[in-house]
Amino acid sequence: MKSLYVPTLKEDPTDAEIASHRLLLRAGMIRKTASGVYTFLPLGYRVLSKIEAIVREEMNAIGAQEIMMPALQPAELWHESGRWDDYGPELMRLVDRHDHGFCLGPTHEELITSLVRHELRSYKQLPLSLYQIQVKFRDEIRPRFGLLRSREFIMKDAYSFHASQESLQKTYDDMSVAYGNICDRCGLEYRPVEADSGQIGGSVTTEFMALAEAGEAELVYCSCGYAADTEAGACHPHPTTYEVKGLERISTPGIHTIEDLAAFLNIPATSTVKALSGKDADGKLVVMFVPGDHELNEIKASRAIPGFTLLTDEEMESFGLHKGSMGPVGLPEGAQVVADQSLGSIAQWVVGANEEGFHYVGAQPGTDFVVDVWADLCVVKEGDRCPVCGLALESARGIEVSQVFQLGDKYSKAMGATYADENGEEKPYIMGCYGVGVSRTLAAVVEQHNDEHGIMWPLSVAPAHICVIPLTVGDDLVQPAAENLAAELARIGLEVAIDDRDERAGVKFADADLIGWPLQLVVGKRGLAEGTVEVKLRRTGEKKTLPLDSLTEMVGFARRNAKHSAAGYGMFDNLFN
Ligand code: ATP
Ligand code: MG
């Protein structure tokens, strides 16, 4: 690839833990510049541009208009929304020579709201959807997995402005369809899931999860079609009662974990109750109770008790609590008891006795202690009941590639962004925002499409459709034949690369598989003597010898008659049938 700059690596980079990170480095597509900061090399950039083009087409198709906002954003706007303080250390902040504060945009709600508030004055101008494809900055606490979680990354972000909830709902639905199309067209197996809105705000939101073991997100799903991020999903545990005759304090020496307690009493973990201590916004003690086989979801916990944070070991000591033997009976004066709503279904609890080495069995809510707040507190997991149909949920890991949000008037209200309705009354816009992680999508595609030899790009996003591999270069037979073939194929509209490096055949074959060209055409002296070329389909590894003089025609025919999938599979399959 004299004409292309593709510095492939023979060895696996040591710091790359997952396939996409390893293969993108090895295939010469990206290079690390700093922790979480990457350069796209020519082939990586070609793939990125293809994904961008798909995103652009899908956005334009639903009437969103492309703009380009600055990455550098004045701090004042973030003060207006309140996020200068709320966003935390992920926000990359800087000051200019005049001491004016700025940030490098992690997202653009503030900037776009300040832009349109001066321009969109009447209901007649609504709805409006604007988008951009741009670099974003987030000083992630743990940048990792290459492009999956980086500190500088490419995002498509769209924002919509409405005069009614119905209008927002329509755009939200259109965007959701477009986001599904983007995943399909990039060849991703994905699921839309119920999600949590986190930093952005709003309440209705869906994440699009590319299914992958390496994904940092966990999702639960059901055969009825329900799916949710475990960060957000409603949880319906089914605790079981261990019935005894009333409250009994038992000695449990050395027992601090649910597993040990369940084994000691010879009962299932579902019959135990786990306690977690924390404090509310005022620093007052709050103890939360969840079924022993479930974990506390801290997002839900802070929704039930605003400002809730878990206590450190020292804080627990200062409240006189005993880690591993906490319970609702005999808590310090003024402590709030918050319990998962599922625990309402069991009459007797197995809990700590707030005394080292002791537990209670048969503790009854309402009799032995009072529950102040009942709430959904648990992280949903495999086997829990589906909130829609009641069947057992299954679980999978995923990469969040995109997310759509209904923001409502959070930003427009805070920033005084209003329009005049039919009666001339000023109202805040109703807004939606929609983000696609373009560079993360690229990595997700590799995560789903690879084997032991390298990447297997779906045709729709491959750096080129075909690579022609001359086995000798600089001669007057093989190289010209290869160049001719490449030119002919390009003439019928295919994207063709040519590996004209002076390398051994073995190196070229290995690199072609590593890079993941969908179709490889090997041109060698022996084949040419017989007028043939060896053709290899990367996705299946199938090989076939085909006549050189009709190859272009055959490829053209295969393409015209292919049963196309969204990701363009099928284009070359006919060559092998
Ligand atoms: P995460 O939960 O993974 O940190 P997020 O929910 O904070 O992501 P959003 O604010 O929803 O991210 O941003 C929209 C999209 O931008 C995400 O769906 C994701 O694809 C992408 N994205 C977010 N953070 C990163 C990152 N650090 N590196 C690469 N892509 C990212
Ligand atoms: Mg998100």
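I began just after H7, where Asn266 takes a positive phi of about 55°. I note here that the model is predicted, and that every value below is computed from it.

Next I looked back along helix H7 itself, residues 258-265, and found that Ile258, Leu261, Ala262 and Leu265 are buried. Looking down the axis of H7, I saw that these buried residues fall within an arc of 95°, so they line one face of the helix. On the other side of H7, I listed Glu259 and Ala263 as exposed. I then asked which strands the buried residues of H7 pack against; they are S13 (248-251), S14 (273-279), S18 (349-352) and S19 (358-363).

I turned to ligand 1, which has 15 residues around it, and wrote down Glu140, Arg149, Ser150, Glu400 and Val401 as those that come nearest. Sorting the shell by class, I recorded six nonpolar, four polar and five charged residues.

For the polar side chains, I looked up distances to oxygen atoms of ligand 1: a polar side-chain atom of Arg149 lies 2.8 Å from one, an N or O atom in the side chain of Arg138 is 2.9 Å from one, and a polar side-chain atom of Gln403 lies 3.2 Å from one. Taken alone, ligand 1 exposes 580 Å², and I noted that the protein buries 84% of that.

Last, I checked which elements give two or more residues to the shell around ligand 1, and these are strand S8 (152-162) and strand S21 (394-408). With five residues, S21 gives the most to this shell.

Notes: Residues are numbered from 1 along each chain as its sequence is written. Chains are lettered from A and ligands numbered from 1 in the order in which they are written. This is a predicted model: local features need pLDDT of at least 70, side-chain atom pairs count only at pLDDT 80 or more; totals for chains, interfaces and linings use all residues. Side-chain values use heavy atoms; hydrogens and water are left out. A residue is near a molecule or strand if one of its heavy atoms lies within 4 Å of it. A polar contact is a pair of N or O atoms within 3.5 Å; within protein, one must be able to donate a hydrogen and the other to accept it, and residues adjacent in sequence count only if both atoms are side-chain atoms. Accessible areas come from the Shrake-Rupley method with a 1.4 Å probe; for residues, only the protein chains shown count as cover. Helices (H or I, at least four residues) and strands (E, at least two) are DSSP runs, numbered from the N terminus. Ala, Val, Leu, Ile, Met, Phe, Trp, Tyr, Cys and Pro count as nonpolar, Asp, Glu, Lys and Arg as charged, and the others, Gly among them, as polar. Buried means under 20% relative accessible area, exposed over 50%, partly exposed in between (1.4 Å probe, protein chains only). The arc is that of the directions from the helix axis to the C-beta atoms. Contact means heavy atoms within 4.5 Å.
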